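Look over the sequence and structure first.

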Amino acid sequence: MPTTFNTSSNVLDLSAVVKASQTLSSETHLQNLLEKLIKIVAENVGGQKGFWVTRNNSEWKITASLGECGDSDDLAISVLNYVERTKKNVVLEDARRTELFAHDPYIIKNQPLSVLCTPIVHQSNLTGILYLENNRVTGAFTSDRLGILSLLTSQVSISIENIILYAREQEKSQQLQESLCKLQQTQTQLVHTEKISSLGQLVAGVAHEVNNPVSFINGNLSHINQYVKDLTKILKLYQKHLPEAPAEIADEMAAIDLEYMLEDLPQMINSMQLGTSRIKEIMQSLRNFSRNDGDEKRAINLHEGIDATLMILSHRLKAQPERPAIVIIKEYNNLPPVECYPGQLNQVFMNLIANAVDALDESNEGKTYVEIQKNPNAITINTTAKEDWVTITIADNGPGMSEHVREKLFNAFFTTKVEGKGTGLGLSISHQIITEKHGGTLECISSAGEGAKFVITIPVKTRYSCAA
Ligand SMILES: Nc1ncnc2c1ncn2[C@@H]1O[C@H](COP(=O)(O)OP(=O)(O)OP(=O)(O)O)[C@@H](O)[C@H]1O
Ligand SMILES: [Mg+2]
């Protein structure tokens, strides 16, 4: 124990120091600790004005102060520089009369009386500098008071170091947490994109393979049509010129019901032609839907993508035993070709329309077929172009959603669907595709019981380049 504590007044000081040191060591927030330190030191050592100063590159920075915060014009910089260099206390009984700091602009201007400047050093590193002034009296900072100060500061330097280390650790662990979160998101998106793109390639491949034989059948059907017409004509000519057919032929004609067959055959060929044309359309839609985007955006007609998506989802839209078909209301306006990644936009249409169907199915629960028929399930798709932007809205008259759901809608993994039905990735990926890949916006307007409306807005032309 330093000898300066052997008088009765200093014994009192000692108990104050112990209390102060306890207060300081329980503080875990750096700024609070520094403010408390200055206050306690000023009270115990006799300072009127106090600052905690740290080096910020070439400048001194006041991190905490007693009372109002000050700036570096409020203290004697040459004293700080001296303490930093020597790592020793400076005690000026009367700063106006000290040769060493006589040229300090602050001292010349403000004529301070007592000045105390002490370094806080931990493991020979300077953590900061404590600067005190008393302008009421000269010689305010006596040597026995300095003893108290050194006790306090050595204790505090450890606390400061610990807080800084703890804060660094906290920051690091937060950064790690964020990186991990980002990594997980990227991973799931990669898996999803990979799944979709390999599915897309498969579909495009199958569509291509099916297209060839269908074209072959479709092409031949028109010849068959002609041949059947020709054969029918010949048959009619035979009947005209040989009205009395031999018995064997007459029997066979009756057995196969020739008249009916000749009437039915062209209709059959007609419906086969319709069927193959439909297969070709479906294959075209599949190929449109699963376009391989590559790295470059392409200018396309968005209606093709929406129609292809509707076609792919047609099995979910058509009538079911428990409900009538979902009505699709297309409000298409003229759209210019839009520079985009068509395959990715189709994913967005798919997610939004599939969500609308899910929502409608949910709203039908507990209702009878007839009740649903009175207020049919409907999805309205509107497209408009204005200036350099196109807007596509997809609205359903389903149950809508609460504000709580709407706020979390675009978060990855947010779903209200039962396990196994929804992954909660559809909207978060859609949002990313629209905003990040296309420089557009995706918003949802909805409240409980009012249906839901998703609004996509994208620029007609790419504003900035970004990879697929
Ligand atoms: N049209 C809608 N009407 C009502 N709620 C909706 C609608 N669209 C989305 N939601 C709500 O938003 C949630 C998140 O949708 P999102 O498409 O991201 O995931 P999901 O459909 O649950 O799963 P998946 O990843 O299979 O698409 C849904 O679970 C649902 O609660
Ligand atoms: Mg979904």
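**Helix crossing and sheet**

Helix H7 passes helix H8 in a left-handed crossing, meaning that the near helix is turned anticlockwise from the far one by less than a right angle (clockwise would be right-handed). Helices (H or I, at least four residues) and strands (E, at least two) are DSSP runs, numbered from the N terminus. The model is predicted: local features need pLDDT of at least 70, side-chain atom pairs count only at pLDDT 80 or more, and totals for chains, interfaces and linings use all residues. Residues are numbered from 1 along each chain as its sequence is written, while chains are lettered from A and ligands numbered from 1 in the order in which they are written.

**H7 and H8**

- The axes of H7 (residues 258-289) and H8 (residues 302-312) come within 9 Å and cross at roughly 115 degrees.
- Axes are lines fitted to C-alpha atoms, for helices over the stretch in contact; angles run from 0 to 180 degrees between N-to-C directions.
- H7 contributes Ile282, Ser285, Asn288 and Phe289 to the contact. Among the H8 residues are Glu304, Gly305 and Asp307. Contact requires C-beta atoms, placed from the backbone, within 7 Å.

**The sheet**

- Five strands form an open, antiparallel sheet in the order E2-E1-E5-E4-E3. Pairing takes at least two DSSP bridges between two strands.
- Strands E2 (59-65) and E3 (90-92) are the edges, each pairing on one side only.
- E4 (residues 114-122) and E5 (residues 125-134) pair over nine bridges. Val121 has Leu126 of E5 as its bridge partner.

**Helices on the sheet**

- Helix H5 (residues 143-241) lies across E3, E4 and E5, at about 40 degrees to E4.

Notes: Two residues are in contact if their C-beta atoms, placed from the backbone, lie within 7 Å.
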